[in-house]
Amino acid sequence: MGSRELDDGPVMARPKPNTAGVYIISNRITSSCYIGASKDIWSRWTAHLSTLRRNKSYCRVLQRAWNKYGSSAFEFAILEVVPTNKNLKGALLETEQRYLDLFKPAYNILQTAGSFSGCVHSEE
């Protein structure tokens with residue numbers, strides 16, 4: 001599933017519709033990253049791109065880095081696909097937390113999966 005880059009910034013190979021899982025947005029210059037989870041990774045990625053390009057990202061640290069280094073410095077990749085089942089939310093939170101603990105991402109202000117205190121965040 002990897003990622004690739006075009007002239008207008010990072011893009012990823014489109015996964016199957018409604019692919020759930022954990023993803024990473026990494027800065028190739030600084031090695032800093034952001035970890036996220038979604039029930040639809042493709043939709044979440046396009047939402048990130050849209051808000052970052054318009055300077056409206058809810059993640060101010062990631063937005064500042066995007067503005068400073070430019071879109072071509074960033075790479076998006078799927079870390080793990082989570083099977084869709086009746087406990088998808090719990091599985092996503094557990095998997096995301098494992099990666100938050102592993103990477104200790106600089107762009108994640110909140111280091112607890114599912115905690116959105118002070119953040120405007122979509123359902124994705």
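Helix H3 (residues 88-103) comprises 16 residues, which at 1.5 Å a residue should span 22 Å; the expected span is taken as 1.5 Å times one less than the number of residues. The end C-alpha atoms of H3 are 22 Å apart, in agreement with that expectation. Helices (H or I, at least four residues) and strands (E, at least two) are DSSP runs, numbered from the N terminus. The model is predicted: local features need pLDDT of at least 70 and side-chain atom pairs count only at pLDDT 80 or more, whereas totals for chains, interfaces and linings use all residues. Residues are numbered from 1 along each chain as its sequence is written, and side-chain values use heavy atoms, with hydrogens and water left out.

Within H3, the residues Leu88, Ala91, Leu92, Thr95, Glu96, Tyr99 and Leu100 are buried, where buried denotes under 20% relative accessible area, exposed over 50%, and partly exposed the range in between (1.4 Å probe, protein chains only). These residues cover an arc of only 165 degrees around the axis and therefore lie on the same side of H3; the arc is that of the directions from the helix axis to the C-beta atoms. The buried residues of H3 pack against strand S3 (21-27), strand S4 (33-38) and strand S5 (74-81). Lys104, which follows H3, has a positive phi, near 45 degrees.

The largest nonpolar core contains 17 residues, of which Tyr23, Ile25, Tyr34, Leu62, Phe74, Phe76 and Tyr107 touch the most other members. A nonpolar core is a set of buried Ala, Val, Leu, Ile, Met, Phe, Trp, Tyr and Cys residues joined through side-chain atoms within 4.5 Å. At least two residues of this core are supplied by each of S3, H1, helix H2 (60-69) and S5, and the largest share, four residues, comes from H1. A second, separate core of 13 residues includes Ala20, Ala37, Val82 and Leu100.

Apart from neighbours within four places in sequence, Ile25 is in contact (heavy atoms within 4.5 Å) with Ser32, Cys33, Tyr34, Trp45, His48, Leu62, Phe74, Glu75 and Phe76. Among these partners of Ile25 is Trp45, a residue of helix H1 (residues 41-53). Trp45 has a relative accessible area of 1% and is therefore buried. The C-alpha atoms of Trp45 and Arg14 are separated by 9.9 Å, although the two residues are 31 residues apart along the chain.

Cys33 counts as buried at 6% relative accessibility, as does Cys59 at 4%. The structure holds zero disulfides, a disulfide being a pair of cysteine sulfur atoms within 2.5 Å.
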